[in-house]
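Biologist: I have the sequence and the fold open beside me, and I'd like to talk it through with you. Could we begin with whatever you find worth looking at?

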Amino acid sequence: MRVKRVEPNTKQPQTASKVDLSLMDPLITTLRKKRGNLIPILQGVQRIYGYLPEASFYKIADETGLKLADLYGVATFYAQFRLKPVGKNIVKVCHGTACHVQNAGKISRSMEDTLGIKDGETTEDMLFTLESVACLGCCSLAPVMMIGDETYGNLDQKSAAKIVKEIRRNEK
Amino acid sequence: MEHIQLTVDIGSSGIASGAGKVYDHLRTIVEKDNLAVNLKQTSGIGMCYKEPLLEVVDADGTYLYGDMTPELAEEVIHSHLKLNVPLKQYVVHSNRIQSDHNRFLDDQIRIALRNCGVIDPEKIDEYEQHNGYKAIQSILSENLSTENIIQTIQDSGLRGRGGGGFPTGLKWKFAANNVAIEKYIICNADEGDPGAFMDRSLLEGDPHAVLEGMIIGARAMGATAGVIYCRAEYPLAIKRLNIAIHQAREKGYLGKNIFGVTGFDFNINVKEGAGAFVCGEETALIASIEGKRGMPRKRPPFPAASGLWNKPSNINNVETLANIPWIIQHGASAYAQYGTEKSKGTKVFALAGKINRGGLVEVPMGISLEEVVNNLGGGVPNNKKLKAVQLGGPSGGCIPEHLMHTKVDYESVTATGAIMGSGGLVVMDEDTCMVDVARFFLDFTRKESCGKCTFCRVGTKRMLEILTGITEGKGVIEDIDKLLELGEQIKKNSLCGLGQTAPNPVLTTIKYFRDEYEAHIIDKKCPAAVCKQLLHYEIIEDKCTGCTVCAKVCPTNAISGERKQVHYIDQEKCIQCGECFNKCNFDAISVS
């Protein structure tokens with residue numbers, strides 16, 4: 001099931017001081033009164049911060065009258081929404097059918113080894129977040145992964161590792 | 001000298017393979033050298049396996065070049081401009097040169113895809129030059145009645161292309177019969193099947209066709225507003241849709257009193273999905289537009305009676321809507337000339353997997369799977385043997401090689417246990433393990449189950465556990481019957497299409513590939529050598545040179561042996577990671 005468990009530990013405290021909530025103001029002003037605005041608001045917030053900070057939920061609820069429970073329910077239902085900060089580069093390894101039969105599992109394992117994190121995690125330096133996604137729709141280039149807006153096709157374990165190593169080198 | 005026409009195919013998959021760079025480079029040199037060419041962009045000819053693509057049209061003919069790089073593209077246009085000859089070795093389709101690749105395009109009947117790869121999707125004028133918005137204009141000028149329009153759609157035999165296969169005309173009739181002040185027409189562009197990209201290519205290549213289809217629907221059903229629910233994962237499709245909507249508004253084709261007809265008010269908005277496969281189901285999709293968790297609800301009431309915001313609503317798939325303007329313009333019988341008795345017209349398929357020519361094709365209904373895979377798709381690469389074709393994604397099934405004569409129509413495909421689905425067609429060869437494929441799809445549906453119905457929520461999880469056990473060599477023979485029983489129960493006791501079809505990949509693979517399940521369970525072997533835990537690695541003594549590479553890479557120190565002596569694998573310690581097999585330079589390690 002899609003529902004993610006609520007995590008009791010507060011390793012990454014999300015205090016209001018860390019995120020500038022005023023960035024959300026224009027978004028809330030435009031969408032406040034629109035019917036069916038809940039998902040577009042959450043999408044907008046994620047576009048600003050890269051994830052949904054805890055404090056943003058309270059602000060949305062206060063200013064739009066939407067219920068906290070509905071907001072949280074929707075945020076945990078859809079795959080798009082993240083409740084934790086993500087790395088600068090999101091590595092999306094495609095696990096669509098075409099990629100699966102072309103051995104996408106190996107690409108994921110290679111990424112886990114190279115980055116030292118598991119699927120869904122973020123590196124300590126906040127440079128990379130590793131995700132597996134259902135289908136990027138470039139099936140004829142399988143296996144495929146996407147970093148930022150760039151798509152990399154016809155991968156093998158070595159070439160995939162090389163790509164992230166190079167990005168890491170350029171970031172330093 | 002006459003201007004030659006250069007067209008670069010810039011769709012999502014083209015961009016992924018570097019088409020943007022080719023286009024930018026061409027534009028730079030065209031401007032710098034003031035070349036006598038017209039350069040434009042298009043999207044979605046469908047030849048994904050040869051992208052980036054560049055089309056050159058000169059006085060002699062049409063040449064489509066594949067596998068372009070900026071440098072190669074420059075070479076190509078200089079060859080055309082200076083020497084007046086094509087660079088034959090890169091041509092993948094031409095009306096002047098015979099090649100086997102020609103079949104990929106020549107064997108197609110392109111109705112829904114009629115403009116994809118032809119027009120610039122970001123220019124309304126180009127759509128209009130290709131008969132765009134003529135269908136709706138003829139409806140309005142001839143003052144065709146609602147009944148008339150719907151009758152034409154019914155006569156054409158068009159059925160829902162999203163997978164359900166419900167007659168479109170009938171669906172329109174239901175919505176038209178419900179009189180209301182507010183009424184909605186919704187375009188379902190939440191294409192979630194892994195391995196399917198028909199709707200994305202259509203929206204990227206010809207967004208106006210979908211808009212026109214919706215406007216015609218609005219006229220026929222009396223809808224007052226339109227919504228396109230598109231996956232957020234398709235940013236380019238959303239961008240081009242918004243450009244198209246903006247252009248249509250400026251021309252007066254959307255908004256108030258559109259096309260100059262007093263009282264004909266219709267507007268379209270794009271809603272971005274947030275990533276939930278179940279939202280392809282109509283009631284879940286409506287819930288999602290309303291800003292709720294995308295969970296299906298009981299029907300009736302059907303959306304035609306009470307849908308979005310409790311108003312009568314009609315929901316059609318992208319491909320269905322793209323067909324509408326063509327049908328209105330060319331007549332129902334022109335469309336119905338293609339296809340079989342019960343499945344008329346054409347269907348778009350996304351060919352992927354172990355196939356030589358992967359991409360997007362539109363074929364007449366009733367063509368055999370064999371023809372699609374071999375004639376258009378060019379067969380299986382590397383002289384491997386075709387094992388099965390997967391149709392319909394996670395809701396569909398695997399059709400084995402001996403049923404490849406199966407006709408592509410709703411009834412014939414359903415008879416095999418698969419479903420027509422929205423058009424994903426994934427080819428599998430002898431290296432694909434069918435148990436693993438079934439496990440893959442079930443893993444997908446388990447994650448995507450919304451959790452409302454117990455059988456879908458818990459049943460898929462249990463099925464996945466059993467399948468995972470089988471692929472790890474922990475299966476027992478009773479598992480097969482358990483899977484069959486669970487599968488039937490889930491199909492019977494789920495509310496929506498997701499649960500009702502989720503067991504299909506498992507049921508069809510058991511039906512046609514029971515021997516593979518038994519090999520995993522009884523012999524503890526994976527015939528396709530995919531399931532890691534069932535692999536057995538051994539060192540071939542005659543070939544081992546004692547170079548010690550394998551012993552060094554082994555993460556569990558399972559390999560021992562002196563330098564320049566034959567090495568051995570301790571099977572107790574081996575975790576089947578395959579590192580030794582990958583690293584050995586002498587092919588001295590066998591895997592079975």
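Biologist: What do the buried residues of helix 12 of chain B pack against?
Modeller: This is a predicted model, and in it those residues pack against helix 2 (38-49) of chain A and, within chain B, against helix 8 (168-177), strand 6 (184-189), strand 7 (225-230), strand 8 (267-272) and strand 9 (313-317).

Biologist: How many of the residues of helix 12 of chain B are buried, then?
Modeller: Eight of the eight residues, 282-289, are buried, so helix 12 of chain B is largely enclosed by the rest of the structure. The buried residues are B:Glu282, B:Thr283, B:Ala284, B:Leu285, B:Ile286, B:Ala287, B:Ser288 and B:Ile289.

Biologist: And what follows helix 12 of chain B?
Modeller: The helix is followed by B:Gly291, which has a positive phi, near 90 degrees.

Biologist: Switching to serines: where is B:Ser13, and is it buried or exposed?
Modeller: B:Ser13 is found in helix 1 of chain B, residues 12-16, and it is buried, with a relative accessible area of 6%, where anything under 20% counts as buried.

Biologist: Which residues does B:Ser13 touch?
Modeller: Leaving aside residues up to four places away in sequence, B:Ser13 touches A:Gly137 and A:Leu141 in chain A, and B:Cys48, B:Glu51 and B:Arg200 in chain B.

Biologist: What about B:Ser422, where does that one sit?
Modeller: B:Ser422 lies in the loop between helix 16 (410-415) and strand 14 (424-429) of chain B, and this serine is buried as well, with a relative accessible area of 11%. Residues up to four places away in sequence aside, B:Ser422 touches B:Arg161, B:Gly162, B:Gly163, B:Asp193, B:Ala196, B:Met198, B:Glu319, B:Lys347 and B:Val348.

Biologist: How far apart are B:Ser422 and B:Glu562?
Modeller: They are 140 residues apart in sequence, and their C-alpha atoms are 58 Å apart in space.

Biologist: Stepping back to chain B as a whole, how many helices and strands are there?
Modeller: Chain B has 23 helices and 18 strands. Its radius of gyration is 27 Å, close to the 25 Å that the globule rule gives for 592 residues, so chain B is as compact as a globular protein of that length. The C-alpha atoms fill a box of roughly 90 × 70 × 40 Å along the principal axes, and buried residues make up 59% of the 592 residues in the chain.

Biologist: And the surface and charges of chain B?
Modeller: The accessible surface of chain B comes to about 23200 Å², with 48% of that belonging to carbon and sulfur atoms.

Biologist: What is the secondary structure of chain A?
Modeller: Chain A comes to seven helices and four strands, which follow the pattern α-α-α-α-β-α-α-β-β-β-α along the sequence. The C-alpha trace of chain A spans about 50 × 35 × 30 Å along its principal axes, and 49% of its 172 residues count as buried.

Biologist: What pLDDT does chain A average, and where does it stay under 50?
Modeller: Chain A averages a pLDDT of 87, with 90% of the residues scoring at least 70. Over residues 12-17 of chain A the pLDDT stays under 50, and for that stretch the model has 10 contacts beyond four places in sequence.

Note on methods
Residues are numbered from 1 along each chain as its sequence is written. Chains are lettered from A and ligands numbered from 1 in the order in which they are written. This is a predicted model: local features need pLDDT of at least 70, side-chain atom pairs count only at pLDDT 80 or more; totals for chains, interfaces and linings use all residues. Side-chain values use heavy atoms; hydrogens and water are left out. Helices (H or I, at least four residues) and strands (E, at least two) are DSSP runs, numbered from the N terminus. The radius of gyration is taken over C-alpha atoms; the globule rule is 2.2 Å times the number of residues to the power 0.38. Buried means under 20% relative accessible area, exposed over 50%, partly exposed in between (1.4 Å probe, protein chains only). Accessible areas come from the Shrake-Rupley method with a 1.4 Å probe; for residues, only the protein chains shown count as cover. pLDDT is the predictor's confidence in each residue, from 0 to 100. Contact means heavy atoms within 4.5 Å.
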